Structures are given as C-alpha cells and as structure tokens.
Amino acid sequence: MQTFPRRLLQHGIARPAKPAFREKHLGIWQTWSWAEVNDEVRALACGLAALGFQRGMNLAIIGDNRPRLYWAMLAAQCLGGVPVPLYQDAPAADMAYVLEDAEVTFAVVEDQEQVDKLLEIKALYPGIVHIAFDDERGMRHYNQPELVSFARLQEIGREYDRSHPGFFSASVDAGQGADSAVMLYTSGTTGKPKGVCQSHAALLSAGEGGVAFDHLTDAEDILSYLPMAWVGDCLFSLAQTLVAGFTVNCPESGDTVLTDLREIGPTYYFAPPRVFENMLTNVMIRMEDASAIKRRMFHHFMAVAKRCGADILDGKPVSTSDRVSYALGQALVYGPLKNVLGLSRVRVAYTAGAAIGPDLFRFYRSIGVNLKQLYGSTETCAYVCLQPDGNIKFDSVGLPAPGVEVKLAANGEVMVKSKALMTGYYKRPDATAEVIDANGYFHTGDAGVFDSEGHLKIIDRAADVGKLTSGAIFAPNYIENKLKFFTFIKEVVAFGDGRDQVCAFINIDIEAVGNWAERRGIAYAGYTDLAGHLTTYELIRDCIEQMNADLAQEPQMAATQVHRFLILHKELDPDDGELTRTRKVRRKFIAEKYGVLIEALYSGKTSQFIDIQVKFEDGRVGQSSADLKIWDSKTYPAIARAA
C-alpha cells in the first residue's frame, strides 16, 4: 500500500459508492465516487500509454484545481511516471524553463488558455509532443497534431485496455514506494526553481502522520482551491485523501471560492495566512457598512471572544460569567460570522506557507475556529511541526510532528530528518548535497528557537535575519507580518540589515482602503492615486505607529521599530518578479529594482521619483512612474518588562 495507485484501488474496493471528488460546473455540483474515479484513472492511464507514455517519464499538469487534473496525476503514477504540476498563472517563459528542466514531452491541461501557452512555448521548448485538454470550449478549430481532448484520450485508453487486458494491473504492481510520486518546483526566491522529487513512501508517510494526528476520517470534506503545484495541496488533496479516503471538492473558479466554501462547509480546511487575512478584511469592511447597533454588538462580543474564546476552545478553565457571555456571542455574532465565512463545520483548520500574525491567529480561534499552524517545506512534504489540540501557542508552529526529528544548528538554523524528506533535486546532486548533510538532516534555511516546552518558533529565513548597526537583531518577516495584520496593509517589505534604523515599503489593500476612503468622501482614480493620497499616508502611519508601540514592549525587537516608510505606487506582483507564485517576497530582486527608493528612505529625503518597467496581464511591457512621498513615523522607547 506504499504507492498512490494501490491506495486508489483499495478505496475503490473498500468504499466504492462514497464520494471521492466533487466539482462545481455551471452552478451545479458534480460528484464522482471512488469506483468511478478508479474507472476514470484507468482509462486515462491506458490512453497515455497508448500514446507512448512510459515508466520514468514526466507529465506536466497545468490548470486550476480540477478532478480530471488530479486523475491525470494518478494516471501518470499508475504507469510509473511522475506528474509535474505547474503554476497555472505562470507566464510562458517561466513554464518553458520548468518544462525543459523536467524534460517533459506529455502535458494534460485545463483549457484553451493553457493550450495557447504551450503552443507559444514550443518556440522556446519544442519538446512537447502530446497535449491533452479537459475543457473543450474554444478548441473547435484547433487542429495541431499534438492536441487531443481528455474525452478522446480516455476513449483511446478504453480501447487499449480491452486489447491489453493485463497491462494496467501489471503497471500498478510494478510501482514501488521508493519511486518518485511527484516533482514539485521550488518557488525560486533565491534563484532558478529546482525540481523536488518526492517518493510515494515520503508523501504517504506525511499523509498518514497528519491523518492520525488530527483523527481524520473518510467523512471529511475539504475544498481544494490552492495551486496544484504547491506542496500543501499535494499533501492535503492527494496524500491525505488517499490515506483517509475523504472527499475533495473543487470550486467552479477562483472567483467563486468563497461562495463554494459556504456551500460545501468543509470539515477540514487549509489556507495560507493571506486567505485568512482577506477573510478578516472583508468582515471588517462589512462591519463598516453595518448599522451602529450591529457595530456595537460586534465589537462588544469580539472583546468577550478575545478575552476567553481561545481558552474555551482549548478546554481551559473560564469563569461562568464569561461562558455565559460567550454563549450569547455564539448565538448573535460568532455563529453567523462563521457561517458567512463558510467555516461553520470546520473541525480542523490549518495555515502555513508563511508566518501568521498572532493577532490574526487569535481572532479565528477566539470565535471558535480550530485554526492551527503547521510548518514544513516542499522538501519535507510540508510535514515538520504540527500544533496539537489544547496546546496551541500563537507565536509558535507547534511541536515536531510524529516521526520527525527536529534540531537546531549552531547558528539557529532548523534541521529536519524524517521519512517525508525528498529523495533529491531533479538532476541537481550538487544542490541536494548542499541541503541534506551526511547525517541525513535537511537544512531548511529557516532560523528558529525552541521554547521551554519544546515548541518551535520560526524567527525568519536564516539568510534574511540580520543586524542593525547597533547590534540589535533584525528579522524583517516578523515586522512585516505584524503590519499585515492591519486590514489596510496588504504587503510589506522591511529594510534594516546593516543600517541604523528600519524603514519599509508598503502596499495598501485597495479594497479595504478604497472602502475606507469612499465612506469619507475621498475621491480617487485608481490604486496609484489612492496610494499617494495624503489621508492614506496618515492612515498607514497610524498603523505603523500602533505596531511600533507593540514592539516597544518586546525587549528583543524594540530596536526594530519602523522609522520611515513610503507607499509604493503599484502592487508587488509575481509577473514583475517581485513575488514568487506563492506570494513570498523576493527581497534581493526588490532591493535591486527599487534601490533608488531605499537610498531615499535612508538619506532623509521627503520624496523620490521612480520609473520602472512593469508587465501587463496580456504579456505587454510598459513603464510605471510616480513621485513617491516618504514619511516619518513615531517610535517609542523600549519598555522593560517586570521580572
């Protein structure tokens, strides 16, 4: 049972009629049972084999979360091949690099958009020989010989299966746990992405550990909407699904995720911090539009929740009066709020991918959502640390997961050893040797500390942690996450290493700040206009000064209060190379691109003109220029805590 295909076949026998996948199409949820999924995967695998796909080959998967794309991953695995999911919003040049590096000749894609990308890419990488597409809309007049519809591919597969009756079973039986199950490319924050090869045994080990840890069963419902190329989706929507046998639900589109979330009401939910941040932003915007009575009631009961909600969730002692107040808040505020967010049925929720602000974390737990953090990386199957129920700390990522050994290097770098480690980087033994030492420990590149109870706290990326000229530790990610808790701030880049003080770039949240501006009768023409508005600067300065006051109460971080800031005239964008596809800041790139602004922050200027190149959604390149204001923010003396 140490391969994905064998698990799939077992579910087809053990729970043939139970829903395995759902997809919302044209407003209606379509359902496939485990028995039906077995038939679909078998037909697809045989179709790929008929076209020449063989053991050891790599299959590109490109598109939004769709049942058929997951089936394509399983079909490749049935044949001993390796699926290589790509980020569906990546530009053609980025895709071409991955396709060439992975030596891909077969691809299964979602729709016309992805087909067009691959046909364009053939000029950069001509190795693509076969492209199967799921959605046939717009494909009527495409007659390229490499194209075949998903439905036609399955027809070919069923014919092949009938003429080769023992082929499919023999292919599945030939699979071993040590075989590569998937190749996931790193986000490329520090260089070109690398292909992480994860074996069946590694992924299933992580899946089994997580399922047992949170007592997951085949009765769970999850919403699968995060990129298939991300390790978190591979763990939750494939590995854990094939361990526990629960149901994967795919939304109709990225625009309908929140609506579909409410309709499904998942019992097990995963989202990166930015999704939880956006949810909270939407809640606060709606409260701005509510009546005065509703606003007062909301803030009153949120104060109650902040005081005792997390303790009630963890089963800790709480006074009778607080329990009564919280129960009333549950009926009037928390219950309706969770229903609006689609979290009413959630039994376990996780966040990972980036550090989550303690205040944001506390908000969800206070209203009764069992939100927890996990810590991991692509190289560890996203399985390193988990937070156990009843032992949650807002500033930690939990305890080492079952079967995982975690220790710190002399410089504080987190090192990991477990069955869930990658087998290596594809065609990069040199890079593999750099991160996995002779003792089998993977060097994560993250700096962390253990507290007195063994909980791991991640400070920042080890390479990003620096020092001010005063000698104070500078952890930019810590500062950025505290600022991103404010609903008006979407992205932050903090600077300070080797400097005498901390300064920051700010991206405003256009929806939250726009709503705030409209309610005050402030006219604006777009993002750039609103970002440069005097009242916007005042609003952001207030947020920064609130954070500075909080930092003043933390002895180790008091010296890293933000002294100066500017609001960028454009949003940081993956297409412009400023963020990775998982929306991690590419610090080195930003420091080079916006060097003139950084120097202006530290030279005492009150404004600075900048003209930069930007890439539009249609691939065109243009220029974006603005004269940006630079403001000072108030800082506070460090407050010594009582012993």
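1. In this predicted model, helix H1, which covers residues 4-14, packs against helix H7, which covers residues 167-174, at an angle of about 125°, and their axes lie 8 Å apart. That angle makes H1 oblique to H7. On the H1 side the residues that meet the other helix are Pro-5, Arg-6 and Leu-9, while H7 contributes Phe-168, Val-172 and Asp-173. Sorted by class, this contact of H1 with H7 has 4 nonpolar residues and 2 charged ones, with no polar residue.

2. Turning to the strands, an open sheet is formed by 3 strands in the order S8-S9-S19, and the pairing is antiparallel. Strand S8 (180-185) and strand S19 (424-425) stand at the edges, and because each has a single partner strand, one side of each is left without a neighbour in the sheet. Strands of a sheet pair through backbone hydrogen bonds, in either a parallel or an antiparallel manner. Here S8 and strand S9, residues 195-199, run antiparallel and are joined by 5 bridges; for Val-182, the bridge partner in S9 is Gln-198.

3. Please also look at the backbone of Glu-103, whose phi is near 55°, a positive value in a residue other than glycine. Glu-103 sits in the loop between helix H4 (92-101) and strand S5 (106-109), and it counts as partly exposed because its relative accessibility is 45%.

4. Lys-427 is found in the loop that runs between S19 and helix H15 (429-435), and with a relative accessible area of 46% Lys-427 is partly exposed.

Notes. Residues numbered from 1 in each chain as written. Predicted model: local features only at pLDDT ≥ 70, side-chain atom pairs only at ≥ 80, totals over all residues. Heavy atoms only, no water. Axes fitted to C-alpha atoms, helices over the stretch in contact; angles between N-to-C directions. Helix = DSSP H or I, 4+ residues; strand = E, 2+ residues; numbered from the N terminus. Parallel < 35°, antiparallel > 145°, perpendicular 65-115°, else oblique. Contact = heavy atoms within 4.5 Å. Nonpolar A, V, L, I, M, F, W, Y, C, P; charged D, E, K, R; others polar. Pairing = 2+ DSSP bridges. Buried < 20%, exposed > 50% of the residue type's maximum accessible area, 1.4 Å probe, protein only.
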